[in-house]
Amino acid sequence: MSFVADVVRAARALPQNLRHDLHPGVSADDSPGSRLRRSFLYHLFPLRVTERALAPATTFGLGLVSVALFILLTVTGLLLMFYYVPTPRDAYGSMLDIDNVVTFGRLCRRLHRFGADLMVAVVLLHLVRVVAQAAYRRRELNWLIGLGLASLLVGLAFTGYLLPWDQRSYWAVRVVTELLGLLPVVGRAMQLVLVGGAEVGAATLSRFYALHVALLPLGMLGCLVWHLWRIRKDGGLAAVEVDPPTVAAWPHLVLRVSLVLLGTTALVLFVALVQDAPLAPLANPLRPENPEKAPWYFLAVQEMVSYSALTGGVVIPVLTALGFLALPFLDRADLDVGYWLGARGERRTVLVAVVASGVVLGLGTVAYLTPELGAVLEALPPWAHDVLNPAGLMLCWTALVVVGTGLRTDAVRPALRAGIGALFVGLCVFTLLGMLRGPDWGLASPWEAFRRVF
C-alpha cells in the first residue's frame, strides 16, 4: 500500500514539483520584480525604465512596431514556404494555389505583403525619428547597426518582390537591377551576382529565393539582436538627463510592449481583410509593362534617373549613403539629445527649412515638366541636363539648406537636420511623381496611379 500512497502523494504534489524543479529558486511569495529578474524577459527589459521612455510621443513605438512586423513576417513567410515552388514554371501557379486552394492562404499572403510594405515605411520613420532626436549621439556603433538593418530590410523586401513571378514583379526587378548597375565600382558586379546572367530568369529567381528565405533573414536576425543588446548596453533611450525618474518595468513597460505587439498585428490583419493584393498576369519577358515601375520604395530613384542617370542614379545615392554613415561623427554636441529637434529656436529654423524645401522642390518640378521650359532645356548641351533638372535642384537646394541653416544657427546639428529634412521631402516628392507615372512615363490621374500601385 505504501506504493499507492507514494503515487497519490506525488500526483497531488505534481504542480508544485514542476514549478520548483523546472524553475529553481522560485517562490510563490516572490515579487513581480524578482520573477522578472530570473525570467527570459530580463534579457529583453531592464528592471526599471524611465518615465520618459514610456511616454508615447517619445518614440511613437516605431522600433517596437518594426520588431512586431518582423515577427509577423517571419511567421507568415514560414507558412508560405510550405506551398511556394521557386521555379519560373511553377512559381506563379503555386501563388494561385496559395490564393485559391490553401486554407487561409490568401489572407496569409496579404499579411505578408502588407506587413512588408508597412515595415519599410515604419523603419524609414524610425530612422527619421532618430535623426530628429539626435539619438545617434554616443551610440555611433548602434547607428551603424541600424543602417545595416535598414539595408537588409530593403534587400528582403526587394528579393521577395520577384517571387510571385507575375508581370508587375518581373519588370519591377528588371528596372531595379538596371538602376543598380549605375552605381560606380560595385554596381555591375552586384547586378551580375543578383541576376545571374544577362536577363532576369530562372537563376535570378533561385538567387532571390535563397536570399529572401535564408541569408538575409539570418543576417537581419543577428543584427536585430545586436541592435537591441546595444540599446540595453548603452542605457536605454538616448537622453541627457541625470538620474531621471523611473518606474518598474513590470507591469508598466511589459504591458505597453504587449499592447503595441497586439495592436500592430491587429492593424495589419484589418488591412489584409479589407484590401486585396491581386496578382498581375504571368510574367512574360517578351511583353514589357507600360510603364515599367520599380517597387514604391525605389520609385524616387527611378524618377530621378528619368531626369539624369548620373545625378539621380549615382551622385545623390552615393552622397546620401556617405552622409548617413558620417552623421554621428559630424555631430559631436551633447545638448538636447533625445528631444525632438532640440531648442525652440533651432526647431523653428529646421521646420521652416523643411517647409521651404517642399515648396521649392514642388514648384521647381512642376516648372520642369511644363512644355515651355522643356523646349528651352532641349537647346542646352548634354552636360547641362545632368544639372538642370529636379534631381539636380534637390541636390543644390539641400546643400544650400545645410549651409544656410548652419550659418544662421552657428551649429552643426540643425544644419544636418535641415539638410536631411530637405532630402526627405525631395524623395517624397519624387516618390509621389513616380506613383503618378502612366504609360510612356507620362503623368496619369491620381486614381489611375493608385489603382496601378495597389
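Helix H16 (residues 309-330) gives the most to a nonpolar surface patch, with five residues. Helices here are DSSP runs of H or I with at least four residues, strands are E runs of at least two, and both are numbered from the N terminus. Before going on, note that this is a predicted model, where local features need pLDDT of at least 70, side-chain atom pairs count only at pLDDT 80 or more, and totals for chains, interfaces and linings use all residues. Residues are numbered from 1 along each chain as its sequence is written, and side-chain values use heavy atoms, leaving out hydrogens and water.

**Patches on the surface**

Back to that patch: Leu144, Val318, Leu319, Leu322, Leu325 and Phe329 make it, and it covers about 510 Å². A patch takes residues with over 30% relative accessible area and no salt bridge, joining like charges within 9 Å and nonpolar side chains (Val, Leu, Ile, Met, Phe, Trp, Tyr) within 5 Å. Areas come from the Shrake-Rupley method with a 1.4 Å probe, and for residues only the protein chains shown count as cover.

There's a positive patch too, formed by Arg344, Arg347, Arg348 and Arg408. Lys and Arg count as positive, Asp and Glu as negative, while His and the chain ends are not counted. Each charge is placed at NZ of Lys, CZ of Arg, CG of Asp or CD of Glu. Helix H17 (residues 344-368) supplies the largest share of this patch, three residues.

**The inside**

Which helix is largely enclosed by the rest of the structure? That's H15 (residues 299-307), because seven of its nine residues are buried. Buried means under 20% relative accessible area, exposed means over 50%, and partly exposed is in between (1.4 Å probe, protein chains only). The buried ones are Leu299, Ala300, Gln302, Glu303, Met304, Val305 and Tyr307. Their cover includes H16 and H17, along with helix H20 (390-409) and helix H21 (412-436).

Zooming out, the protein has 22 helices and two strands, and buried residues make up 40% of its 454 residues. Among contacts (heavy atoms within 4.5 Å) between residues at least 6 apart in sequence, 79% join residues at least 24 apart.

**Salt bridges**

Side chains of opposite charge can pair when their charged atoms come close. A salt bridge puts a side-chain nitrogen of Lys or Arg within 4 Å of a carboxyl oxygen of Asp or Glu, and the structure holds 14 of them. Here are some:

| Pair | Closest N and O atoms |
|---|---|
| Asp117 and Arg113 | 3.3 Å |
| Glu140 and Arg332 | 3.6 Å |
| Arg230 and Asp234 | 2.7 Å |

The Glu140 and Arg332 pair links distant parts of the chain, 192 residues apart: Glu140 sits in helix H10 and Arg332 in the loop between H16 and H17. Glu140 counts as buried at 16% relative accessibility, whereas Arg332 is partly exposed at 47%. Both also belong to a salt-bridge network with Arg137, Arg138 and Asp334.

Most residues other than glycine have a negative phi, and most peptide bonds are trans. Arg138 has a positive phi of about 60 degrees, and Trp165 has one near 55 degrees. Is each of them buried or exposed? Arg138 counts as exposed at 57% relative accessibility, but Trp165 is buried at 6%. Finally, the peptide bond from Asn290 to Pro291 is cis, with omega near 5 degrees. Pro291 lies in the loop between helix H14 (249-274) and H15.
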